[in-house]
Every structure is written in C-alpha cells, then in structure tokens.
Amino acid sequence: MSDYIIQTIQKGIIETLEMTFFSSVFAYLIGLPIGILLYATAKGRILENRPVNFVVGLIVNICRSLPFLILLVLLIPFTRFVTGSSIGTVASIVPLTVGAIPIVARMVEASLSEVSPGIVEAATAMGASPIYTIIHFILPEATPALLLGAAINIATVLGYSAMAGVIGGGGLGAIALQYGYYRYQKDVLWTTVTILVIMVMLLQESGNLIAKKVRK
C-alpha cells in the first residue's frame, strides 16, 4: 500500500473512534433514562405504570427493529437539519446515536432486571423513595451487568459506523467501500476489516475485564 493509503487508514481509525465515542455517549445520555423508565414502570416494579411502559416499549421496539441502513436513509433530512450536512464524520454521529438508543435502553432494562427483588424490598422497608432506591440500590447493584452491556453496545456502534460509509460517512467503513470495493483494492478492504475486528475484540475484552473488577 502507498503512503497515502496508510495515512488515509490512520485518519479513518481516528474518525471511527470519534464516531463511536460520541455516538455511545449521546446514546447513553438518552438511552439510560429510557431503560430505567422501562424497568421501573414494568409490572410489579416500584413505579408500575402499564400504559407508560407499553407506549415507551413500543417506540423502542419499532426503532430497534429498523435495519440500520434504512435508518441511515430515513434520518438524512434530520441529520442535515442538526449538523448542516448529511455526509462526513460529524453527520454520521446523528444516525449512529439514534440507532443505538433503543439498544441501550433494552440493555439497561435487562441489566436492572437482574437485580434481586430482595434488595428493592429491603430499600422500600427502610423507607427509601422509588427514585432513591433506583439511584442508590438498583443501579450500583447492576453496575457489572451495565458495564458488560456497555461493552456490547459500544462494539455494536463501532460496527454500525462501518455501515455509515454507504451514505458518505467517514471512518474505516468509507475507506473499505471507496478503495476496497469500488476500486477493487482488496488489500485495503481486508486491512480495514481486520482493524475493525481487532477494535471490536479489544472493546469487548476491556469491558469484560472492567466488569469483573467491579464485580469483585
């Protein structure tokens, strides 16, 4: 590979990390509260509210069921409105965030559901309010599961970032498409794929190690 291609790949790695980081942060800022709401308003939970749970759950399920490539296209007008452009690294953060929010919400809900009901009962018996119970009892107890879920979610966003190249997004996905596919440079294609696989594996393993330390 030429020096230009090597520099392009290096730039692509940085762009991919930027997209993954900011999309994951924004997705958790929105998805975490939604996941807590889904957990707390479910049947038998501390803030049981079936209508709210049904409506929020339905919206989350609809968004989660949309294939990401279709979501990318559907969000082009919204992305252009938010960022002023529908292509590039910054623009890709919008659909990546929207696509990750329902995944984060369901992952958070599942993680909180693993908390023993006895802990909630003990907190309630001590007179703790529902919000206090969630913040000081449920979330700390579910932290290892939340961290494992975060590792999976971030790895998912990383994979989604590669697909953003289809509509002009930046990062390794765009490089693989432009050089590896359209220009038939198989060495570039396999290099970018290998880098993406390594990045996903490192993220997953790091999440597992952190979760184990927290659990101990």
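Colleague: Which residues form one aromatic cluster with Phe21?

Modeller: Phe22 and Phe26 do; together with Phe21 they form one cluster. Keep in mind that this is a predicted model.

Colleague: Where is Phe21 found?

Modeller: Phe21 is in helix H1, which covers residues 3-40.

Colleague: Is Phe21 buried or exposed?

Modeller: Exposed, because its relative accessible area is 52% and the cut-off for exposed is over 50%.

Colleague: And Phe22, what does that count as?

Modeller: Partly exposed, at 37% relative accessibility.

Colleague: Which residues form the nonpolar patch on the surface?

Modeller: Phe21, Phe22, Val25, Phe26, Leu29 and Ile30. Together they have about 560 Å² of accessible area.

Colleague: Back to the rings. How many aromatic pairs are there in the whole structure?

Modeller: A search of the whole structure gives four. One of them is Phe21 with Phe22, an edge-to-face pair with 5.2 Å centre to centre and 80 degrees between the planes.

Colleague: What about Phe68 and Tyr160, stacked or edge-to-face?

Modeller: Stacked: the centres of Phe68 and Tyr160 are 4.3 Å apart, with 5 degrees between the planes.

Colleague: Which parts of the chain does that pair link?

Modeller: Distant ones: Phe68 sits in helix H3 (residues 68-74) and Tyr160 in helix H7 (residues 130-163). The two residues are 92 residues apart.

Colleague: Are Phe68 and Tyr160 buried or exposed?

Modeller: Both Phe68 and Tyr160 are buried, whereas Phe21 is exposed.

Conventions
Residues numbered from 1 in each chain as written. Predicted model: local features only at pLDDT ≥ 70, side-chain atom pairs only at ≥ 80, totals over all residues. Heavy atoms only, no water. Patch = residues over 30% accessible without salt bridge, like charges linked within 9 Å, V, L, I, M, F, W, Y side chains within 5 Å. Areas by Shrake-Rupley, 256 points an atom, 1.4 Å probe, with all protein chains shown as cover. Salt bridge = Lys/Arg side-chain N within 4 Å of Asp/Glu carboxyl O. Helix = DSSP H or I, 4+ residues; strand = E, 2+ residues; numbered from the N terminus. Buried < 20%, exposed > 50% of the residue type's maximum accessible area, 1.4 Å probe, protein only. Phe/Tyr/Trp six-rings, centres within 6.5 Å; stacked < 30°, edge-to-face > 60°.
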